[in-house]
Amino acid sequence: MMFLIRRFETVVNDLFLRGRVPGTIHLCRGQEATLVGAMGALESKDRITLTHRGHGQALAKGVDPGGLLAELMGKTGGVCRGMGGSLHVGDWSVGALPAIAIVGASSPIATGLAFAAKRLGTGRVTCNFFGDGTASKGELHEAMNLASVWELPVVFLCENNVYAATTHISEYMKNEYVSERAVAYRMPGVSVFGNDPLTVYTAVKEAADRARQGGGPSLVECLTYRRDGHKRDDPAAYRDHREVEAWLRTDPIPTFRNRLHEEAGISENILAGIEESVESQLLAAQGFAHSSPYPPVEQRLSYVYA
Amino acid sequence: MSMPDLTTAPPIVRAEGSRNLTIVEAMREALREEMTADDRVLVLGEDIVVGGAFLVTLGLAEDMGSDRVLNTPISENGFLGLAIGAAMEGLRPVVDMQYGDFLFTAADQIIQQASKLRYMSGGQVKIPLVIQLPTGASGRGAQHANSMESLFFGLPGIKIVTPSNPYDAKGLLKSAIRDDNVVLFIVHKHLYGSRGRTIQHEQTSIGEVPKGEYLVPIGVGDIKRQGEDITVVANNVVLHHVLNAATTLEDEGISVEVIDPRTLVPFDVDLVVGSVEKTNRLLIVEENPSRGGWGTWIISEVIRRAFYSIDAPIARLSADDIPIPFSPPLERASVPTEDRILKKIRYVIHG
């Protein structure tokens, strides 16, 4: 899955440069381990809310790559029928709420999904993905307070990729870790290395289990790094090259591939086979997205009721 | 803006027997009935366990359970967003915004989230959500005085309901709770009929409400008084000023037709156009500031559809384009009053 996300984003980047994906894109290359580790700790019935950097979150939750790519291209076969685009991808049928692209806004809504889960007794946990930049938003704090006081089954999951768009975390936050903020709401808060999927899995599993058993919310901060700029027209020249090099040495894709080979004894043949199957999956996804037609113009008047 | 489909709107069923209730009591009855009929319905907001700022939920927590009538932190962004999420999972929340003005602190949740998530998702989610908003100038200074109908009138994706009497308030609130979309339920504070912790039975707040079950459909206006010489469209508290003025003018030989749209989105334009085709004159009265008021859009629709029926300049009364001032004589001078309505109608009729 990590490799699928990496390759999917690379394909999206190519399609964008060739003018096949309109608008803007926010790539998550470098953050795959956090997404896959977290999602592995959730059950398929659980809910997630996505960010503006949501392609990988969607794939990890089980959104179909073809439908996702078609959505990015504004096609009728898209998961949101072309009404959302890159900033609003999601498939509610697999528990991925179409993405809320306004920083902070998803946290109260995720808390509402958790409120309903508790009230209806569904046993569902909601995982609210957000970035380090969201730590400065009041909505996150209002949501954490509500979740805490009403003991709601929600995991606040911070993908700390060091930058709020282009601004380094040290410029906008006095705290060393976002997870410190959990203390204010008397909920457990941890910071873990986000480029190792197993470390993330362990932390999120603990938080999700606690939520499912009625123990209320948690804050899990995953320390990771954005390989690319904030969005497609951002070369990220503002970053210190030593910082970039240090993080790239921990890039989750080659690192975890090596671990699978050397520590878990998975053969090169099997790994190459997985990579091949990802490539053919992506070819099929592109075939689907390209052949899907644009929606009829009348569709713009659908799904709105006032 | 789409027009309401009157052929599929649920019928207004008038039941046997009625009594006089205030709007507050009628709304409370609507909440109680809907919560009894459907356990997905719940109310949340600030201080509502003791009844809320205007006593709408008085006694409801005791009867319905404290898990269905929930006090929230002072956290409008938080609990409005929470209600949106809960609605998408199948609950039917009613959010009591203590003062409508406080909705602005949750602007993103209403403007960017509630109104758009169903659309952007390609119809994957529904948001059955009612937001109760007490509004209007009422001696509290500018930050508790917004008439916010027009600010949201131009926002696609939400319905806006503005009842003026207990019958409509109850029937419309029940319809709003059953609606699968976001409904702003706006009532002028002068209509609530509560003073402190007591209910006041005043002319503007009291009215007949049948004992049995009934609905008032969203999107259907009501002719509150039949007339021949001029059509006056007004909602909320100013409607009562218009009705008083119409009684006075009857003695002067001026016959006023008074229309309460009851719902601003969707707006029953057909009802207004039909009336203007009969009376050939039109006055709109609203408490919003003049700039960008909903009445301007209605006037443009009437001109477009009934231009050749209009025999006199179309008139409009609104609040001044200022924040509502506190000092009582200044506040009274800033909003449409019965006196200003009388003068304006005489002007339209006699020139």
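I began with how two helices of chain A cross, and in this predicted model I found that α5(A) passes α6(A) in a left-handed crossing. On the side of α5(A), I listed A:Ser107, A:Pro108, A:Ala110, A:Thr111 and A:Ala114 as the residues that make the contact, while α6(A) contributes A:Glu139, A:Leu140, A:Glu142, A:Ala143, A:Leu146 and A:Ala147. Sorting the residues of this contact by class, I noted seven nonpolar, two polar and two charged.

I then looked up the geometry of the pair: α5 (residues 106–120) and α6 (residues 138–149) of chain A pack with their axes 8 Å apart, at an angle of about 20°.

Next I turned to chain B, where 34 residues are in contact with 33 residues of chain A. I recorded α3, α4 (107–114) and α5 (117–120) of chain B as the elements that give two or more residues to the side touching chain A, and α3(B) gives the most, with ten residues. By class, I wrote down 15 nonpolar, 15 polar and four charged residues for that side of chain B.

I found 13 of the 13 residues of α3(B) buried, so the helix is largely enclosed by the rest of the structure. Just after α3(B), I noted that B:Gly90 has a positive phi of about 110°.

Note on methods: Residues are numbered from 1 along each chain as its sequence is written. Chains are lettered from A and ligands numbered from 1 in the order in which they are written. This is a predicted model: local features need pLDDT of at least 70, side-chain atom pairs count only at pLDDT 80 or more; totals for chains, interfaces and linings use all residues. Axes are lines fitted to C-alpha atoms, for helices over the stretch in contact, and angles run from 0 to 180 degrees between N-to-C directions. Helices (H or I, at least four residues) and strands (E, at least two) are DSSP runs, numbered from the N terminus. A crossing is left-handed if the near helix is turned anticlockwise from the far one by less than a right angle, and right-handed if clockwise. Two residues are in contact if their C-beta atoms, placed from the backbone, lie within 7 Å. Ala, Val, Leu, Ile, Met, Phe, Trp, Tyr, Cys and Pro count as nonpolar, Asp, Glu, Lys and Arg as charged, and the others, Gly among them, as polar. A residue is buried if 20 or more other C-beta atoms lie within 10 Å of its own, exposed if 12 or fewer, and partly exposed in between; C-beta atoms are placed from the backbone.
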